Amino acid sequence: MRLLHTETLQFEEFFDTTIPKYAILSHRWGKDEVSFKEMRKGQAPQGLGLTKLRNFCLQARTDGYQWAWMDTCCIDKKSSAELSEAINSMYKWYRNSEECYVYLADVKPLLVHRRVEYEGDLILNPRIREKFLASLWFRRGWTLQELLAPRTITFYDANWRELGDKHQLYGLIMEATGIHHTYLVAEPYRCHLPYGQGGPSAAQKMSWVAKRETSRSEDMAYCLLGLFGINIPLLYGEGGRKAFIRLQTEIINKQEDESILAWEQPYSTSVPYGILAPHPRYFKYCGDIIPVFNRSEPRYWITNRGLALRVPASVFSYLGDGVDNTVWIPLHCKEEFPQGLEKVFRIRIMLVENICYRVKKWRRRLQDPHEIEHQEDNETKTIYFPLDSVFVGNSELFSDENEEDLRYFKLMLSHNSTTAALENMSLVR
């Protein structure tokens with residue numbers, strides 16, 4: 001780990017047990033950020049980036065820290081190997097820091113008659129509270145782990161005036177992020193753990209990043225690596241969709257949590273999808289969904305045919321003929337509401353040449369606390385889903401405005417192969 005001396009602004013590398021105590025910065029990148037190469041050569045240009053770095057080191061030095069870490073200059077981004085190691089280690093570096101400073105460059109005090117508008121407890125000022133909640137720092141993908149991983153977090157405004165720490169501001173942070181108090185303040189050290197080990201569910205974690213953005217599409221997947229405690233190779237250029245599919249595949253390989261299948265499809269029509277979500281935003285309304293474990297052996301696993309899912313054989317007794325070749329499959333998860341208000345989930349699937357495609361999710365209130373346990377049959381059937389869907393590309397094949405396309409596609413499927421159906425679809429569009 002490469003750290004920056006807070007007084008000399010010189011770099012030094014440390015390994016494992018030799019890493020000293022350090023402060024770490026969380027911020028949004030600006031236009032004038034200084035790079036590793038510029039700092040190493042002593043050629044960092046004067047600007048907002050260098051000013052931010054110096055103020056960060058000054059604050060760390062004032063708080064008694066000799067070493068600091070800042071992502072703009074402590075990583076040599078010209079080295080793909082170092083960048084990959086840094087991204088896969090980022091959550092750990094923030095978690096092991098003594099203190100994290102969150103710099104909110106867009107929370108700026110107003111000046112009234114050349115005097116600062118607020119004094120005393122800054123966050124009590126309603127205008128500052130409004131700016132705090134509206135800060136773009138809460139909308140960036142990478143800052144999610146920077147909020148959850150550190151043990152101690154202190155927020156600063158654009159003038160480096162302290163706004164408060166995470167414990168003091170947790171109510172506002174909950175409002176801005178939708179993250180429950182348990183994982184935000186009470187037991188944040190559990191955030192990277194699987195649900196079965198006391199952490200949040202996969203759906204809950206995905207919902208926290210659903211409204212966030214990253215500059216590079218692949219980073220919507222890579223910024224979640226630490227939060228799920230997994231590692232995957234970084235393949236910039238593969239596209240955000242493929243990166244997110246790879247992330248979900250690795251989560252399924254490492255953790256048993258069926259809530260990862262409970263995402264919401266964005267269209268009211270029965271659009272065919274693969275089994276995995278194309279983007280984190282499809283988990284936007286899944287913040288209360290948790291898995292239910294009721295059998296010792298895994299119910300799903302990854303194969304070279306896609307995702308294999310073991311389901312009760314009885315559900316196929318309702319399989320229709322002709323165009324409507326669909327059945328409802330129960331998911332082993334529920335919404336975490338007070339008893340009597342919980343809801344259970346099913347996904348509707350369409351069978352095409354012995355391959356299943358996801359077309360809709362449905363929820364209803366849980367009547368019997370043991371209902372999910374009763375869903376198991378002695379006889380089961382294994383079905384297969386593609387991880388990603390051939391039907392949905394960067395531009396959606398089907399849309400709310402063109403219900404006729406979907407009906408025509410289903411009709412073609414009843415008489416032709418998948419390839420022929422797709423070819424005919426391209427002709428009618």
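The following exercises, with worked solutions, concern a predicted model.

**Exercise 1.** Determine whether the span of helix α2 (residues 48–62) agrees with its number of residues.

*Solution.* Step 1: Helix α2 contains 15 residues. Step 2: The expected span is 1.5 Å times one less than the number of residues, so helix α2 should span 21 Å.

**Exercise 2.** Identify the buried residues of α2 and the elements against which they pack.

*Solution.* Step 1: The buried residues are Gly 49, Leu 50, Lys 52, Leu 53, Phe 56, Cys 57, Gln 59 and Ala 60. Step 2: These buried residues pack against helix α1 (36–40) and against the strands β1 (2–5), β3 (22–26), β4 (67–69), β5 (99–103) and β8 (153–156). Step 3: Beyond the helix, Gly 64 follows α2 and has a positive phi, near 95°.

**Exercise 3.** Classify Glu 256 as buried, partly exposed or exposed, and locate it in the chain.

*Solution.* Step 1: Glu 256 lies in the loop between α11 (240–254) and β10 (289–291). Step 2: Its relative accessible area is 37%. Step 4: In space, the C-alpha atoms of Glu 256 and Ala 202 are 9.5 Å apart, although 54 residues separate the two in sequence.

**Exercise 4.** Describe the open sheet that contains β12.

*Solution.* Step 1: The sheet has 3 strands in the order β11-β12-β16, with antiparallel pairing. Step 2: Its edge strands, β11 (300–303) and β16 (380–385), each pair on one side only. Step 3: Strand β12 (residues 306–312) pairs with β16 over 6 bridges. Step 4: Val 311 has Lys 381 in β16 as its bridge partner.

Conventions
Residues are numbered from 1 along each chain as its sequence is written. This is a predicted model: local features need pLDDT of at least 70, side-chain atom pairs count only at pLDDT 80 or more; totals for chains, interfaces and linings use all residues. Side-chain values use heavy atoms; hydrogens and water are left out. Helices (H or I, at least four residues) and strands (E, at least two) are DSSP runs, numbered from the N terminus. Buried means under 20% relative accessible area, exposed over 50%, partly exposed in between (1.4 Å probe, protein chains only). Contact means heavy atoms within 4.5 Å. Two strands pair if DSSP finds at least two bridges between them.
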